[in-house]
Structure formats: structure tokens, C-alpha cells
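Subject: the structure we talked about

Hi,

Here is the structure for you to open. My notes on what turned up follow below it.

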Amino acid sequence: MNLRGQRLDLSLYVRALPLYARNVGVALAPLAAAIVGMAVSYVSGPLTAPLGGAGASIFGLIVQLIFGFAFGVALIFADDAWRHDRANLASAWSEARRKALNILIATLGFFFLIYIAGLIGGLLGSVGSLLFQAVAAFFLIYAFPAAAIGGAYGADVFSISIRIARRDPLPTAILAVVSIFVYFYVGQILPSVLGPSVGSAGYTVLRLLLPAIATGYVALVVAKQYADLAFSRYR
């Protein structure tokens with residue numbers, strides 16, 4: 001569908017599901033990141049407690065970088081899956097290592113800009129903070145694929161993302177809403193909802209597995225739409 005020049009493909013959200021079933025490896029890097037992130041969180045507590053919590057922000061930054069890199073791997077894997085129907089994890093990992101600096105810079109910039117947007121919006125209260133962060137996420141949603149798939153470097157990833165978002169606001173808005181909903185509902189809220197029925201051990205598994213599954217789906221839809229809007233490779 002072309003709506004006033006905007007390339008809108010709602011079918012990708014459905015087509016991503018069977019593609020996911022054939023390429024479950026897209027969730028492996030996010031799952032590994034979740035395991036490492038949980039381990040870092042457990043370790044950081046005892047290490048920073050004697051210092052009154054000092055240094056906790058450093059561990060938080062490490063976790064963000066880990067998750068950012070894992071999402072980059074997932075995006076590369078997802079892009080390969082859309083192009084060839086079956087993706088290769090070893091190939092995705094190799095490409096991600098070559099683009100590691102791009103992905104890590106995009107990660108740092110993304111979370112920093114979201115944080116700044118929250119601070120500015122916070123002047124208007126908690127609702128203002130969330131609103132400003134949502135607007136920032138809208139404009140920056142293509143930063144990760146620009147680095148991981150497109151190979152852009154430094155500030156270029158953000159200028160590319162902003163340009164695409166401004167040119168195609170409707171598909172970008174839908175992508176942002178779907179991605180945020182899937183990640184936070186499936187990855188963050190659902191484990192807490194199911195936790196009481198599965199016990200502590202089951203809850204720990206859900207806390208690792210469901211965010212990885214959610215991130216894998218988000219990677220598939222973000223990679224597809226980025227490629228459609230930036231390169232039109234699959235049209």
C-alpha cells in the first residue's frame with residue numbers, strides 16, 4: 001500500500017511469524033545477552049554494595065552494550081532470513097563482529113539520546129518524560145539497522161534514521177508501536193503475569209526466554225521495514 005507516497009506494508013507483521021518459525025536462531029543472540037545481563041546484574045550488587053552503589057552505572061552501561069550488540073546480531077540474522085528464507089547464524093555473527101564498533105556506537109547514542117529526551121520531558125512530569133522518550137524512539141528506531149545492516153558509522157546512523165522516519169512517518173509510527181508493545185508486553189510484563197503459576201525457577205526461565213523471543217520478532221520486523229524503506233531490496 002502506498003499512502004501519500006509512504007510505503008506501508010502491514011503484511012510484514014504477519015509474514016514475520018512463519019519466517020520466525022523457520023529461523024528461531026534470530027532469538028539466540030538476545031537470549032545469550034539476557035543470560036549474560038542477568039549474570040552481570042547478580043555480580044554487580046555485591047561488588048557495588050560496599051561502595052554505596054557507586055559503579056552500578058558502569059555495570060548498567062555494560063549490560064546496555066551487550067544487549068545492543070546482541071540486537072545487532074539479531075538484525076543481521078533477520079535481514080539474511082528475509083533475503084534467503086533461511087539465515088546462517090555463523091555468518092550473522094561474523095558480520096556483526098566486523099560491524100561491532102558501528103553497533104556499539106549506535107547503542108551508546110541511542111540510549112543516551114533516549115535518556116536526554118526523558119530528562120527534558122521530565123520537566124513536564126512523568127507523562128512528559130514518557131512522551132519525549134516515545135518521540136525520540138520514533139526518530140531513532142532505524143539507528144540500529146542502519147549500523148548493523150547498512151554499515152553506517154557514528155552520527156550517520158541517527159541522521160539516516162531521522163531522515164527515514166520523517167519521510168515515512170506512518171509506517172515508522174506503526175513499527176514503533178508494534179515493537180514497543182511486543183518487547184514490553186511479551187518480554188517484560190508477560191513473565192510477571194505467568195510467574196506465580198510456574199514457580200521461581202520457571203519465572204527465571206521466562207525472564208530469559210520471553211524477552212529473547214520478543215526481541216527476535218522485533219528484529220525481524222525492524223530489519224524488513226528498514227530494508228524496504230532504505231533499500232527497497234525486497235519489493
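A search of the whole structure turns up 7 salt bridges, a salt bridge being a side-chain nitrogen of Lys or Arg within 4 Å of a carboxyl oxygen of Asp or Glu. Bear in mind that this is a predicted model: local features need pLDDT of at least 70, side-chain atom pairs count only at pLDDT 80 or more, and totals for chains, interfaces and linings use all residues. Residues are numbered from 1 along each chain as its sequence is written, and side-chain values use heavy atoms, with hydrogens and water left out.

Start with Asp-85, which pairs with Arg-22 in a salt bridge, the closest N and O atoms being 2.7 Å apart. This pair links distant parts of the chain, 63 residues apart: Asp-85 sits in the loop between α3 (56-84) and α4 (89-98), and Arg-22 in helix α1 (residues 12-22). (Helices here are DSSP runs of H or I with at least four residues, strands are E runs of at least two, and both are numbered from the N terminus.) Asp-85 is partly exposed at 34% relative accessibility, and Arg-22 is partly exposed at 34% relative accessibility. For the cut-offs, buried means under 20% relative accessible area, exposed over 50%, and partly exposed in between, with a 1.4 Å probe and protein chains only. Asp-85 is also worth a look for its backbone: it has a positive phi of about 75° although it is not a glycine. Most residues other than glycine have a negative phi.

Another salt bridge joins Arg-15 to Asp-9 through their side chains (2.6 Å, N to O). Arg-15 is partly exposed, at 36% relative accessible area. Both belong to a network of salt bridges that links Asp-9, Arg-15, Lys-224 and Asp-228. Lys-99 and Glu-95 form a salt bridge too, with the closest N and O atoms 2.6 Å apart; Lys-99 counts as buried at 13%.

On the surface, Ile-120, Leu-123, Leu-124, Leu-131, Phe-132 and Val-135 make up a nonpolar patch with about 620 Å² of accessible area together. Patch members have over 30% relative accessible area and no salt bridge; like charges are joined within 9 Å, and nonpolar side chains (Val, Leu, Ile, Met, Phe, Trp, Tyr) within 5 Å. The areas are Shrake-Rupley values with a 1.4 Å probe, and for residues only the protein chains shown count as cover. Helix α6 (residues 126-140) gives the most to the patch, with 3 residues. Ile-120 lies in helix α5 (residues 100-122) and is partly exposed at 45%.

Then there is the largest pocket, with a volume of about 1300 Å³. A pocket is an open set of points on a 1 Å grid over the protein atoms alone, where a 1.4 Å probe fits, with protein on both sides within 12 Å along at least five of seven lines; lining residues have an atom within 4 Å of a point. The volume is the space filled by probe spheres set on the points. Its lining has 38 residues, and Phe-110, Phe-111, Tyr-183, Phe-184 and Gln-188 lie nearest the centre. Two or more lining residues come from each of α2 (28-48), α3, α5, α6 and α9 (169-230), with α9 giving the largest share, 16 residues.

Finally, Ala-27, in the loop between α1 and α2, is buried at 11% relative accessibility. Ala-27 and Ala-219 are 192 residues apart in sequence and 8.9 Å apart in space, C-alpha to C-alpha.

Cheers
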